[in-house]
Amino acid sequence: MDERSDRTAHATPGAPSLRPGDALIVVDVQRDFLPGGALAVAEGDQVVPVLNHYIARFEQADLPTVFTRDWHPRDHCSFRAQGGPWPPHCVADSAGAAFAPGLALPPSGHLVSKATTAEADVYSGFQGTGLADWLRERGCRRLFVGGLATDYCVRETVRDALAAGFAVVLLRDAVRAVEVQPGDGARAEQAMREAGAASATLQTLDEVPP
Ligand code: VGL
Ligand code: ZN
């Protein structure tokens with residue numbers, strides 16, 4: 001087989017499959033969700049270097065990057081003192097709500113604050129944020145999603161993205177789960193796949209079918 005026919009028969013190694021219409025959504029990579037934080041996700045810090053690779057790829061391709069953040073008032077309804085399930089976390093402007101150290105947030109990164117009112121808990125980056133319109137205005141059709149946590153804000157963000165008509169690729173090597181119950185992360189990934197999300201890792205990013 002000559003070199004040329006070999007190239008047409010296989011995905012070209014290193015050929016970027018990213019294209020106009022793609023965007024990266026980084027969900028809630030904040031200090032309180034890292035080991036040692038108020039609502040620590042096991043290995044949550046390990047998504048940071050992986051996400052930095054994805055961020056660089058999207059930046060190089062001049063594609064949008066979006067960073068959601070959990071941004072709660074002090075008396076948020078999801079906190080135990082208010083009868084909610086969680087310890088206080090990601091209080092707006094607190095140290096714990098800051099993005100993870102080392103996360104390579106680009107100057108062009110679009111910040112989305114969510115769950116900002118006391119009365120409503122919202123896990124999805126799409127609820128009450130205008131994110132779907134922001135993405136549509138920029139011609140985005142396919143969203144690559146990673147961050148924290150697989151079984152809450154990533155799952156709900158992916159669910160809403162699909163419901164809003166976006167194609168979604170879950171970045172499997174750039175998510176970690178809270179796992180209130182063991183297996184919650186795996187179940188969330190399965191639910192996202194069943195809802196129509198594709199998945200990729202840094203290794204397979206260039207093989208994602210169109
Ligand atoms: C999250 C629990 C509470 C998340 C946010 O970002 O997944 N989980 N608030
Ligand atoms: Zn929260």
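Hi everyone, and a quick word on ground rules. We are looking at a predicted model, where local features need pLDDT of at least 70, side-chain atom pairs count only at pLDDT 80 or more, and totals for chains, interfaces and linings use all residues. Residues are numbered from 1 along each chain as its sequence is written, chains are lettered from A and ligands numbered from 1 in the order in which they are written, and side-chain values use heavy atoms, with hydrogens and water left out.

Let's start with the sheet. Six strands form an open sheet in the order E3-E2-E1-E4-E5-E6, with parallel pairing. Strands here are DSSP runs of at least two residues, helices (H or I) runs of at least four, numbered from the N terminus; two strands pair if DSSP finds at least two bridges between them. Strand E3 (110-114) and strand E6 (198-200) are at the edges, and each has a single partner strand, so one side of each lacks a neighbour in the sheet. E5 and E6 are joined in the parallel sense by three bridges, and Leu 170 sits opposite Ser 199 in E6.

Now, which residues touch the most other members of the largest nonpolar core? Of its 35 residues, they are Leu 24, Val 29, Leu 51, Tyr 54, Leu 103 and Phe 144. Such a core is a set of buried Ala, Val, Leu, Ile, Met, Phe, Trp, Tyr and Cys residues joined through side-chain atoms within 4.5 Å. Buried means under 20% relative accessible area, exposed over 50%, and partly exposed in between, using a 1.4 Å probe and protein chains only. H2 gives the largest share of this core, seven residues.

Ala 174 lies in strand E5. With a relative accessible area of 0%, Ala 174 is buried. Beyond its neighbours within four places in sequence, Ala 174 has contacts (heavy atoms within 4.5 Å) with Val 47, Val 50, Leu 51, Tyr 54, Gly 146 and Gly 147.

Last stop: the zinc ion (ligand 2). Asp 70 (OD), His 72 (NE2) and His 89 (NE2) coordinate this ion at 2.0 to 2.1 Å. Donors are N, O and S atoms within 2.8 Å of the metal (3.2 Å for Na, K and Ca), and water is not among the atoms, so sites may look incomplete. In sequence the donor residues follow the spacing D-x1-H-x16-H. Two of these residues are buried: Asp 70 at 3% relative accessible area, and His 72 at 1%.
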